[in-house]
Amino acid sequence: MLKPSGVMIWIALLPAAAAAQSGPSTDWTGYYMMARGKDLAGLNVIGSNLGTTVAEHLQPWAKLKRESIDGAVDDNGFICKPAGFLRAYGSPFDTNGYFVLGRERLTIIYWPTDTVLFRRIFFNAEHPRNLKPSWNGHSIGHWEGDTLVVDTIGFNDRTWLEGLGAPHTEDTHLTERMRQIQHNGNTYIEVVAQVEDARALTSPYTFSRYYKKQNFEMEDYVCNDAVDFYKEWRKEAIEHKKAAATK
Amino acid sequence: MPRTLALSTVLAALSIASQLFGQAQSVASLGATPDLTGVYESIPGGTKLPGGFRNSGSPTEIQLTPSAREKMRTVNLKDDPWKQCKPVGQFRMMARDNTVMEILPAGSLIFIIFEDFTHGFMRKLYFNRGHEQRSMVASDPAIPVTKLIWFGDSIAHWEKDTLVIDAVDFNDRTWLNDSGAQHSEALHTVERIRPIRGGQFLEYKMTAEDPQALAKPYTYVRYFKKIDRELEDDNCIEEQ
């Protein structure tokens with residue numbers, strides 16, 4: 001029998017050390033849907049009603065702006081324009097996503113894709129200087145064991161913090177801790193997030209969300225397919241608003 | 001153990017490990033299919049690549065059936081899906097100059113995501129299943145899954161270094177070219193994608209058949225260059 005030598009021990013240790021630095025021990029790749037109802041039993045959901053959570057932390061100007069929002073008139077997502085993932089954390093139907101875990105990045109392809117778009121979380125990277133604000137900002141991440149710690153800045157100020165129009169500024173800073181867990185025989189991604197924005201919030205707020213891995217395919221859905229219907233609806237809403245203002 | 005001996009043992013271990021890993025990698029790559037991961041941009045027509053590769057064919061050259069010709073004559077060009085910021089389908093999208101796309105393998109499927117997202121949207125190429133095994137489960141009960149979709153149901157497999165994609169179940173809402181040539185729900189496309197020149201370029205061959213719209217199957221070829229950047233936000237509908 002071959003006795004283990006110092007060389008063999010080194011060889012055995014090297015891949016383990018590399019794996020510890022490169023990411024989790026399980027593969028995250030797959031289609032996940034935001035967990036709801038019974039799927040949340042026993043999970044630590046923080047801030048389940050994101051609208052209420054956010055409203056408690058808004059500065060006065062942001063509260064006023066939120067109150068003046070007319071969903072049918074002002075909601076970008078309503079007419080299939082990009083709306084970003086930040087607000088989608090408040091809706092159980094808007095943050096389904098296909099997670100693709102690679103060596104250098106985690107890509108999340110959200111569903112519906114044409115409004116929530118994509119996200120790339122770059123590992124071992126820094127935020128670029130002179131970042132151009134965008135719908136989903138710029139995300140970098142590093143692994144702490146099996147947990148991916150994500151830092152996102154560079155949001156434009158056209159997204160909302162939740163579905164009812166809570167505004168934010170380009171100073172928004174999102175920190176997320178993501179990990180894959182097993183619960184009641186199912187696989188979930190747990191996201192614990194904190195949002196800071198010194199110009200829009202009185203203090204940071206925290207929430208958690210769970211995404212349950214599915215065994216079916218992410219279907220094709222083109223929001224713009226029905227955009228004519230939505231546009232007509234919005235046109236009527238704007239006309240109704242104008243008529244009400246002139247009375 | 002003397003320090004020099006300990007160091008030499010470590011270096012030897014690293015060297016052997018490096019050789020082992022290197023060997024494992026090269027063995028894997030010998031039998032493996034190509035890794036197409038990356039961002040690519042289509043080469044403009046008329047460009048001749050090293051090795052003599054150049055684009056050939058065009059959606060403008062398709063031959064239509066009499067009924068499809070008649071339909072094209074009466075079409076209103078204002079209804080062009082391109083002008084309405086709607087998906088234009090792969091037959092038209094892949095033929096365009098400077099189409100930028102990301103190829104992203106994701107386990108049992110490959111995503112193709114287009115930078116001009118509104119027109120190209122994204123494709124999902126499924127391995128390990130047939131068309132008849134397509135999932136029809138809705139993510140949102142309010143939005144039913146439809147059998148006929150903008151990009152068809154795309155099934156992929158490898159033939160040596162070539163990715164072969166077979167797509168059926170298209171809706172009939174995309175056009176085959178800028179002139180308003182339309183297709184039917186019987187459209188069937190076969191695409192063959194292979195890396196050339198060490199993966200710097202992709203050769204893309206598209207063949208479309210549709211007995212109701214095309215007098216005969218049509219094939220065009222395009223070349224894509226691998227580019228070193230991320231996809232940017234480019235959303236037609238946002239500009240409306």
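Author: In chain B, nine strands close into a barrel in the order β1-β2-β3-β4-β5-β6-β7-β8-β9, and their pairing is mixed. Neighbouring strands of this sheet are turned by 30° against each other on average, direction ignored (axes are lines fitted to C-alpha atoms, for helices over the stretch in contact, and angles run from 0 to 180 degrees between N-to-C directions). This is a predicted model, in which local features need pLDDT of at least 70, side-chain atom pairs count only at pLDDT 80 or more, and totals for chains, interfaces and linings use all residues. Residues are numbered from 1 along each chain as its sequence is written, while chains are lettered from A and ligands numbered from 1 in the order in which they are written.

Reader: What makes β1(B) and strand β9 of chain B a pair?

Author: Two strands pair if DSSP finds at least two bridges between them. β1(B) and strand β9 (residues 218–227) of chain B have four bridges in the antiparallel sense, and therefore meet that condition. In β9(B), B:I227 is the bridge partner of B:V39. Strand β1 (residues 38–42) of chain B is also joined by four bridges to strand β2 (residues 100–106) of chain B, again antiparallel. There B:V39 stands opposite B:E102 in β2(B).

Reader: How many bridges join strand β6 of chain B to strand β7 of chain B, and in which sense do these strands run?

Author: Five bridges join strand β6 (residues 162–168) to strand β7 (residues 188–196) of chain B, and the two run antiparallel. B:I165 has B:E191 as its bridge partner in β7(B).

Reader: What is the order of the strands in the barrel of chain A?

Author: Nine strands of chain A close into a barrel in the order β1-β2-β3-β4-β5-β6-β7-β8-β9, with mixed pairing. The twist averages 30° from one strand to the next. Strand β3 (residues 105–111) and strand β4 (residues 118–123) of chain A run antiparallel and are joined by five bridges, with A:F118 in β4(A) as the bridge partner of A:I109. β4(A) and strand β5 (residues 138–144) of chain A run parallel and are joined by three bridges; here A:F123 stands opposite A:G141 in β5(A). Strands β8 (residues 186–196) and β9 (residues 205–213) of chain A pair in the antiparallel sense over eight bridges, and A:V192 stands opposite A:S208 in β9(A).

Reader: How many helices and strands are there in chain A?

Author: There are six helices and nine strands in chain A, where helices (H or I, at least four residues) and strands (E, at least two) are DSSP runs numbered from the N terminus. Chain B comes to five helices and nine strands, in the sequence pattern α-β-α-α-β-β-α-β-β-β-β-β-β-α.

Reader: Why is A:D146 called partly exposed?

Author: A residue is buried if 20 or more other C-beta atoms lie within 10 Å of its own, exposed if 12 or fewer, and partly exposed in between, with C-beta atoms placed from the backbone. A:D146 has 15 C-beta neighbours inside 10 Å, so this residue counts as partly exposed. A:D146 lies in the loop between β5 and β6 (147–153) of chain A. Not counting residues up to four places away in sequence, A:D146 touches A:P24, A:S25, A:R179 and A:Q180 (two residues are in contact if their C-beta atoms, placed from the backbone, lie within 7 Å). Buried residues make up 38% of the 247 residues in chain A and 32% of the 240 residues in chain B.

Reader: Which residues touch the most other members of the largest nonpolar core?

Author: A nonpolar core is a set of buried Ala, Val, Leu, Ile, Met, Phe, Trp, Tyr and Cys residues joined through C-beta atoms within 7 Å. The largest has 98 residues, of which A:F99, A:Y110, A:Y211, B:F111, B:I112 and B:I113 touch the most other members. Strand β3 (residues 109–114) of chain B gives the largest share of this core, six residues. Beyond four places in sequence, the contacts of B:F111 include A:I109, B:L104 and B:M122.

Reader: Over which residues of chain B does pLDDT stay under 50?

Author: pLDDT, the predictor's confidence in each residue from 0 to 100, stays under 50 over residues 1–30 of chain B. Where pLDDT is low, the predicted coordinates should not be read in detail. The mean pLDDT of chain B is 87, and 86% of its residues reach 70 or more. The model scores ipTM 0.83 and pTM 0.85.
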